[in-house]
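Here is a friendly set of notes to read with the model open beside you. Take the points one at a time and find each place on screen as you go.

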Amino acid sequence: MSKQAQATAASGSARSRISSKQLRETFDAYSMLLPTILGVVIFFAIPLGISLYLSFTNARIFGDTKIVGFDNYVKALTDASFWIALRNTFVFSVFTLILSTVPALIVAILLNEKLFGRSFFRMLFFIPVVASVVGVSLLWRYLLNLDFGLINYGIKLLGFEPIPWLTRPEWGLASVILIFTWKTIGYNMVIFLAGLQGVPRQLYEAASLDGASRWKQFLNITLPLLSPTTFFVLVTTLINCLQIFDVPIALGITRSGTVGPADSMLTVVPLLYREAFLNTRMGYASAIAWILFVIIMAISFVQFRVSDRWVNYE
Amino acid sequence: MYWKRSLTIFSLLTMVATMLAACGASTTPQGGAATTAPAAAEATTAPAATAGVTIRWRTRASDAAEQKVYEELNTLVNDQLKDKGITATYDPAPNDANYFPKIQTELAAGNAPDIFWIGGANLAEFVNTGQILDLKPLIDKDSSFKISDFYDNVIGAVTHDGKIYGLPRDISTMVVYYNADMFKAAGLQNPQELAAAGKWDMAALIDATTKLTDPAKQQYGLGFGNWWGPQLYFINAEGGSALTADRKGCALNTPEAIAGATIVSDFSKNKQIVTDGESENLFNAGNVAMYMNGRWMAPGIRTNATFNWDVAPMPKGKVDSTWLFWGPYLVNTKTANPDAAWEVLKVLTSAEATGKVAALGTNIPPRKDEAAVSAFLGATPPANNQAYLDGIPYAALEGPVWDGNWSDFTTTMGSLWDKMTAGQITPEEFGNQACEQTAGTFTK
């Protein structure tokens, strides 16, 4: 064998050694990823596909299933309950978005200062986040009770009429906003706190030397540098708001299936649940789910497009 | 390298174990239908066929006191069927809006209990699933069982197309529970005294409700749960009905139905009634003078009330009116052993068992047997148990809607009812909108 042939053989052997090593590593990697991939496919992708198929059928829990085209989507647009749910979802989202981000930012700024008992207050604001939704909703049902609730007791002490939080349609959604905001502020506060701690101190020191007031520093340093965090908080909170389910169900569902007085706490996901499981209309419920999906996608798309104008990435 | 391999093998094993765990059938009481010992799995009719069988049964309880009653009933079933080798397991479920959907979902998944209770009005929805066993063949071949022992109208309601789809757990009429101390303190005749004098009518109810409402003391004249039972009582009492005579359409827009709805609308306007989720607790706490409900409320009052109380018939409107609530135990077609399920069902609905339940205070026996009725009448308080029985002859039977969806109908009706009691729509608008919006629930 010539020297050249020997060199070629040696090089080929090295390549095959590298290939087999790569192959093994690839196998190892996919083996470790496989549980997750299978989980996503079995518990997410396949149900998603089935749900899309069901949305074009008259499927119920039992009985024959027939393809009905876009009937379920048309039905949603003419269903009074769907429009009530959609209106409630948007009203809820707008109020909750404002009430759970602005105060969260204020609290985060306060708790970013060197205050006495800072860790204690951080913990205090975060406790509602880790509390069970069903548990706190039941607790709030007692707190908001018209006759013996602690909140109405306080309102009466102040000389005002008690508020029928859970018994009148005009107050039903306000109760859900109150509880969800109370539960969400702590989480948003922690995210803002993390964002605030990433703002370089030198910028404030330089601004102080230039004579900038605290308010000017907040407007020109804190807010712009916090904008990626604010964007994240706004997007995630809004998506959570559009998908609200647990609080209205735990707080307001009745034996007849209404959610709050006159369906005042009915949002889109509880309606989806009611149609799927209380009225067993799986096809119609799937169509509602896909309409909600499109709405969330559209709103998120707009948020991302608009974000180019106000979010500053360093 | 070694740790990578180990991790890979561990991942694969975890994945396989997870999939096996997810796909495997549960053998716990919460899992599938009846669990049967291998030796008995093949047999179906001989007495020995039931040996080693566990039958899971379910009903819901309004409160802890009622749940205890069913736990004791389970013990009775096990004592009686010990010799036949049948074991019963009581599998309770919460008394909320999810009770029926939970069973329907379990039926679809193939792991519903062998025997389960539902409300009489929901019977059609369950039978239409095709998952409910026709009991007629089992009844026909069992000479020890007499279906004539049960109330005829209830058996009529559970019979459809010649098939018998269940046996009633119990019955209950709706009555007025009243706080006797509150009436006494106000110097008013209580509902029982008014009934004895032949003066217990809708005008008397409105009068007592008005006089006993005192916002300063957080005291309401009248309370009832926010569901179709008490709501439709007012409509029935004024000569109306929720459904047309053939039960194939809505009748909430008739003048009679609107007159009934107007009574409640006026009560709400004047803040004289409480109907929210805590209204029952408010009665038990002594803040409500009268409460309309079925017999199932009695154990909770016995446990919690510290005042004197009793019951009276529902006040007479334009016609005598109350509800005859009932609910059947149904047998799952997928039960592994129908004969064993039948044996358990017979005990659950026997004179002894229903009498025992009645004696514990929960409900009225579904049977006409003297023994069962005597056991019920002796279950005091309330002293005036006869009030529950007096309503049976004229009560409206809670019936299945074979050509519609009762749950769907009542959800729509309930939402509009709330709007009416909140003053957002008038009783006329309630009736008209209810019939418009529920029209689709009658087309199968």
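1. Start in chain A, where helix 3 of chain A passes helix 4 of chain A in a left-handed crossing. Left-handed is the word when the near helix is turned anticlockwise from the far one by less than a right angle, and right-handed when it is clockwise. Helices here are DSSP runs of H or I with at least four residues, strands are runs of E with at least two, and both are numbered from the N terminus. The side of helix 3 of chain A brings A:Val107, A:Leu111 and A:Asn112 to the contact, and helix 4 of chain A brings A:Arg118, A:Phe121, A:Arg122 and A:Phe125. Contact means heavy atoms within 4.5 Å. By class, this contact of helix 3 with helix 4 of chain A has four nonpolar, one polar and two charged residues. For the classes, Ala, Val, Leu, Ile, Met, Phe, Trp, Tyr, Cys and Pro are nonpolar, Asp, Glu, Lys and Arg are charged, and the others, Gly among them, are polar.

2. A word on what you are viewing: this is a predicted model, in which local features need pLDDT of at least 70 and side-chain atom pairs count only at pLDDT 80 or more, while totals for chains, interfaces and linings use all residues. Residues are numbered from 1 along each chain as its sequence is written, chains are lettered from A and ligands numbered from 1 in the order written, and side-chain values use heavy atoms, leaving out hydrogens and water.

3. Now look at helix 7 (residues 169-197) and helix 9 (residues 214-242) of chain A, which pack at an angle of about 150 degrees with their axes 10 Å apart. Axes are lines fitted to C-alpha atoms, for helices over the stretch in contact, and angles run from 0 to 180 degrees between N-to-C directions. That angle makes helix 7 of chain A roughly antiparallel to helix 9 of chain A. The cut-offs are under 35 degrees for roughly parallel, over 145 for roughly antiparallel, 65 to 115 for roughly perpendicular, and oblique for the rest. Helix 7 of chain A passes helix 9 of chain A in a right-handed crossing.

4. In chain B, the axes of helix 15 (residues 351-360) and helix 16 (residues 370-377) come within 7 Å and cross at roughly 10 degrees. This makes helix 15 of chain B roughly parallel to helix 16 of chain B. Their contact has six nonpolar, two polar and no charged residues.

5. How much area do chain A and chain B bury between them? The figure is about 3,500 Å², with 56% of it on carbon and sulfur atoms; buried area is the accessible area (1.4 Å probe) that two parts lose on being put together, summed over both. In chain A, A:Phe62, A:Asp147 and A:Arg255 lose the most area to chain B, together 21% of what that side buries. The contact takes 41 residues from chain A and 40 residues from chain B.

6. Between chain A and chain B there are two salt bridges, each a side-chain nitrogen of Lys or Arg within 4 Å of a carboxyl oxygen of Asp or Glu. A:Arg281 and B:Asp408 meet through their side chains in a salt bridge (2.7 Å, N to O).

7. Finally, a cis peptide bond joins B:Thr380 and B:Pro381, with omega about -10 degrees. The bond from B:Pro381 to B:Pro382 is cis too, with omega near 10 degrees.
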